[in-house]
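Hi,

Here is the model I said I would pass on.

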Amino acid sequence: MEKAEDPRGEMTAFLALVFILLIAFAGSLMESASIQAAKNWRRADMNRAIESVFAEYQKELLEEYELFALEGSYESGSYSEEKIWDRLSCYGAGGMDHEMARLQILSDDGGSPFLSQVSSWVKYKYGLDKLEGLLGNAQIWKNQDEEIKLYQEKEQEEGRELSSLLEGQQQSLPAENNPLDTVEQLKKSSLLSLVMPRDRQVSQKRISLSDQPSGRALEQGYGSFDDVAEQGDISRLALGVYLLEHFSSAVPEEGEEREPGGGGLDYELEYMISGQPSDMENLEKTVQKLLLIRTVSNFAYIQTDSVKRAEAAAMAAAMCALLAVPAIVEAVTQALLFAWSFGESVTDLRALLNGSRVPLVKDSESWQLQLSGLLTLGSGGEWNEGKDTASGMNYEEYLQILLFLTSADEASMRSLDLIEQHMRLEKGMEWFRIDHCITKMEIDSRCSLRRGISYSFSTYFGYN
């Protein structure tokens, strides 16, 4: 008889195969876990290294201007990404191949990273309530440019009409006691000589615009960072708040004694508004812009004041007594209202530059200049320094309007000009350049684990 096969032998072979499979499975799990652990270690090494690198932010830049940035030249004045790779290796990220995927520098995109940090700082220090409270004013400020344009067009049109009427009659206005001639001459003279307090000297400092970040070729970052703040009204308002707190103007605050800086410009806010190479030119252009804002506002008010309109009409009638042409009298009345608004605005600027406050919208109580005062305005013995109206705005508050109306890119880059000047000239950091200041980066890394296994990953860090 044939023997039956022993089932125990089959079971033993089956169990052996299962055991081998279990061992292989366990081994693969251990290998996978080991590889994952190695990946985690290398990623952790890179995270620690990049955080350590960014912990070396430029201390004086933070203390002076509340800005976080990694100074990429490491005080050598020579920017190179190799310096970053060396620092990463020093902090434990050696043995890897690194490539910069994205890089952001403080001066990129018209100073957008600077504007983003400024917005974050203002929101952190003051909260959104302060900025939202300014939004109502911003809607008014936005209309200034259009109102100025309409005012200038109307003034030119009225002037052409008056000239045409006089030519048609082959007549001219009397030269004696004619405030229109006085104002016309004042408009051709230096505005600073007309409005600057006589006991104050205008700074003569100059800079070279071609040496500034806004005027030279800069190191550039690359790649897009989606979390860069958008340049909306909130950002522009935040920039104004920040600039008023960190930079000086031609008019010190009450009780403040300004000591001239060791270099650069003294009239910093005016430079951000006007962008000229000298303090004098920046102040001149800034007060010209303020003169337009005040003239438009004063003309809008005087048109509603029946008493002042009647006074202007009476003077126009006296000036045109020999002409007896109603249309000419009306045209001269309008010309006198334009001239009176200009004269009132000159007095407003004197008050502002003297540290007084002037309301954005006038009333009969806050109006300062008599119509007859136009005849002596700007003469040697005349100096009406204007009123200080408690409910009005001071000089720097008017500058806030001009800063809001200035392009955010221009104001940001000019701010970076002054920051670089201050760091180089007054802090003695001659190697400092704003376009060496890194704010964000993303690095692609590749490392070898073992037995030909390599691992690629990305690491991001940025100041927010």
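Let me start with D348, which counts as buried at 0% relative accessibility (buried means under 20% relative accessible area, exposed over 50%, partly exposed in between, with a 1.4 Å probe and protein chains only). Bear in mind that this is a predicted model, where local features need pLDDT of at least 70, side-chain atom pairs count only at pLDDT 80 or more, and totals for chains, interfaces and linings use all residues. Residues are numbered from 1 along each chain as its sequence is written, and side-chain values use heavy atoms, with hydrogens and water left out.

D348 belongs to helix 13 (helices, H or I with at least four residues, and strands, E with at least two, are DSSP runs numbered from the N terminus). Apart from neighbours within four places in sequence, D348 is in contact with R294, N298, V358, K362 and Q368; contact here means heavy atoms within 4.5 Å.

Helix 11 and its partners

D348 is also part of the packing between helix 13 and helix 11.

How much of helix 11 is buried? 17 of its 24 residues are, so helix 11 is largely enclosed by the rest of the structure. Its end C-alpha atoms are 34 Å apart, which agrees with the 34 Å that its 24 residues should span at 1.5 Å a residue (the expected span is 1.5 Å times one less than the number of residues).

The loop between helix 13 and helix 14

Two glutamates in this loop are worth a look. E382 sits there and counts as buried, at 11% relative accessibility. Not counting residues up to four places away in sequence, E382 touches R198, R350, T376 and L377. Leaving aside neighbours within four places, the contacts of E385 are T347, R350, A351 and N354.

The strands

Strand 3 (residues 437–450) and strand 4 (residues 453–462) run antiparallel and are joined by ten bridges; two strands pair if DSSP finds at least two bridges between them. R446 has S456 as its bridge partner in strand 4. Two residues lie between the strands in this hairpin, where R451 takes a positive phi near 45 degrees.

Strand 3 also pairs with strand 2 (residues 97–105), in the antiparallel sense over eight bridges, with Q104 opposite K440. Two further bridges join strand 3 to strand 1, again antiparallel, and here L70 is partnered by I438. Ten of the 14 residues of strand 3 are buried, so strand 3 is largely enclosed by the rest of the structure.

Backbone spots to check

Most residues other than glycine have a negative phi. Y74 is not a glycine, yet has a positive phi of about 50 degrees, and E75 likewise has one of about 65 degrees. Y74 is in the loop between strand 1 (70–71) and helix 3 (81–93), and E75 lies in that loop as well. Y74 is partly exposed, with a relative accessible area of 26%, whereas E75 is exposed at 51%.

Over to you.
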